[in-house]
Amino acid sequence: MAAVVLTITGACTTANTRGSDSSDLGDPGSCTVVDMAVSPEKIDLIVALAKSFNGTKQARIDGNCIFVRPQKKSSGAAAQLLYTNWNESTDGPKPVVWSPAAGSWGQIVNQRLSEQGQQAIVGTGDPFMVTPLVIAMPKPMADALGYPAKPVGWSDIFTLATDPRGWGAVGHPEFGPFKLGKTNPNFSTSGLNELIAQTYAASKKTTGLSQEDLDKPDVVAFGTGIESSVVHYGDTTLTFLNNWYRADQRSSSLNYVSAVAVEEKSVIDYNQGNPDGILDPGEQPRPPKIPLVAIYPKEGTLFSDSPFFTLNAPWVSQQEKDAAKVFEDFVKQPENQQQVLKFNFRPGNPAVAIGDPITAANGVDPNQPQTLLEVPQPRVLTSLLDKWEGQRKKAQVTLVLDVSGSMGDPASPSDDAAGTKLDLAKQAIHDSIALFSPNDILGFDIFSTGLGPNEDQKLLEVIPPGRVADNGEKLQASLNALSPFNDTPLYEVTKQAYQNAVASFDPTRINAVVLLTDGKNDDGNASDDQRQLQDLLNTLRSGNEGQQSHAVRVFPIAYGADADSQTLKAIADASSSTFYSATNATTISQVLTAVISNF
């Protein structure tokens with residue numbers, strides 16, 4: 001892991017926070033409700049289809065009306081809830097229909113349940129829309145590799161990732177080191193599919209990936225080599241696409257990352273000037289200065305197939321299953337399948353032709369991919385995820401926690417039993433330790449004013465950086481002793497924590513700062529606030545936009561309703577990272593889990 005500074009401010013917001021959900025659909029009344037958990041990239045489309053379906057003559061079963069109610073849930077997060085504990089008070093209603101981005105998630109859920117001695121709940125599901133995994137690369141870099149005249153794949157990525165010359169190995173030293181962006185396969189479909197694809201490439205297979213293959217030294221070395229070039233992981237590709245786009249606007253997109261494993265749909269979004277795939281009211285898309293090229297790996301790739309899984313779960317009645325089938329038939333109608341093209345997907349119904357925007361003008365090729373990979377068997381999938389923990393790039397993380405006086409406020413005004421914001425933050429940090437690898441480096445700092453024996457001290461190192469295996473118990477003991485007091489020197493502390501991380505930079509690890517705070521900058525010198533903030537942003541930007549691989553990223557968390565989300569988002573943007581929000585302080589454990597997915 002990276003050097004992470006944890007500043008807790010609160011609200012469960014990540015890079016993918018926009019888009020519609022069930023709140024747009026009104027009151028279901030006495031209708032049979034079909035609750036859906038839908039992966040974020042298609043939530044707007046599913047909500048639009050639900051709106052056109054609800055209240056129509058088609059929306060009936062046994063004389064009763066049907067009301068479809070989608071909610072947005074990332075594929076990996078929904079999968080984990082389904083095989084652990086879906087808490088409706090915090091996670092929303094349990095789904096009747098689950099539509100992750102790829103069918104492989106259903107196999108993972110069933111396998112994890114089987115390992116717990118429970119019955120499978122996910123059956124088969126037909127694809128609603130499809131999009132292949134590609135290697136997105138800025139056009140000048142794709143040109144340097146000779147693509148598309150010369151096929152390119154994961155073997156080429158491995159060569160670039162492990163050659164100390166970086167892009168100099170192909171005659172372009174001006175591009176600097178090769179830097180890969182990819183998401184965490186435990187959370188993200190593109191990350192899961194990329195892990196499958198690179199493992200197939202290492203084994204030189206396209207079908208029949210076995211557990212024995214995963215243990216072969218050359219397969220392990222191949223995966224470890226690719227992971228070594230990762231700048232950081234994440235729970236969503238939108239982190240990379242938004243940061244890439246912002247860097248492009250400053251003419252530095254070639255310095256941010258060299259390639260990112262994403263879905264074809266995302267390349268189209270990006271090249272159309274809409275990197276997160278969602279346009280706010282009045283927002284005008286502006287194409288990037290340097291477009292991306294979708295490289296379809298020569299070894300083969302996988303489709304994200306967006307299946308409709310009607311769950312065979314104890315909470316799903318037969319009436320709800322029958323109602324779900326009516327809606328599924330509705331979305332498969334050709335006129336509704338045609339709508340997926342408007343969202344840059346390919347139709348799941350093979351009778352619907354692929355057309356615009358799946359065109360070369362948008363950096364993609366409708367005639368690709370030529371080779372499809374077989375989804376591994378469930379046991380192989382879960383073993384692949386388990387073994388990735390040993391191959392992934394390790395991190396050096398410093399958690400920096402705000403302990404100012406406002407952290408002593410109630411976490412939930414309506415629930416006295418919830419405790420204070422500091423109470424919940426300490427518990428979330430305690431729980432998060434298990435998410436790190438034992439060999440990640442973890443340190444813990446706190447900040448406020450008047451810390452330690454020196455009244456001018458604002459950042460206090462509580463636990464020096466060390467292996468998680470060695471620091472875990474120490475961190476727990478230190479958390480128990482914390483209490484809130486004094487003010488919030490946000491700007492000065494963020495800069496100091498960042499500079500400390502730069503000073504201890506480890507090029508073999510992801511280096512980061514996780515900043516968790518619940519307030520605004522308040523260090524008793526308001527007249528100097530603007531200068532301090534600009535100095536901080538300039539420092540972060542200059543350290544994260546160059547060709548050097550010594551990038552330390554600050555991941556801010558806004559904790560509670562009073563956190564300065566605007567400033568924290570600016571810190572994330574300047575650091576080429578992601579802003580996370582837990583404005584509802586009771587969601588901090590979920591938010592912190594999402595943050596740690598980056599490492």
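Residues are taken as buried when their relative accessible area is under 20%. By this criterion, both Glu194 and Lys182 are buried in the predicted model. The two residues form a salt bridge whose closest N and O atoms are 2.5 Å apart. This pair connects distant parts of the chain, with Glu194 located in helix α7 (residues 189-203) and Lys182 in the loop between β6 (180-181) and α7, 12 residues apart.

In total, 26 salt bridges were identified. Among them, Glu492 pairs with Lys458, the closest N and O atoms being 2.8 Å apart. Here too, distant parts of the chain are linked: Glu492 belongs to helix α18 (residues 490-503), Lys458 lies in the loop between β13 (441-447) and β14 (459-467), and 34 residues separate them. Lys458 is buried, with a relative accessible area of 19%, whereas Glu492 is partly exposed at 34%. A further salt bridge joins Lys325 to Asp329, with closest N and O atoms 2.8 Å apart. Because these residues are 4 positions apart in helix α13 (residues 318-331), about one helical turn separates them. Lys325 is partly exposed, at 42% relative accessibility, and Asp329 is likewise partly exposed, at 38%. Arg112, Glu115 and Asp386 are linked in a network of salt bridges.

The largest nonpolar core contains 154 residues, of which Trp98, Leu401 and Phe444 touch the most other members. Beyond its neighbours within four places in sequence, Phe444 is in contact with residues including Thr398, Leu401, Ile429, Val462, Leu475 and Leu482. A second, separate core of 25 residues includes Leu490, Tyr491, Leu515 and Leu533.

Definitions and conventions: Residues numbered from 1 in each chain as written. Predicted model: local features only at pLDDT ≥ 70, side-chain atom pairs only at ≥ 80, totals over all residues. Heavy atoms only, no water. Core = buried A, V, L, I, M, F, W, Y, C linked by side-chain atoms within 4.5 Å. Buried < 20%, exposed > 50% of the residue type's maximum accessible area, 1.4 Å probe, protein only. Contact = heavy atoms within 4.5 Å. Salt bridge = Lys/Arg side-chain N within 4 Å of Asp/Glu carboxyl O. Helix = DSSP H or I, 4+ residues; strand = E, 2+ residues; numbered from the N terminus.
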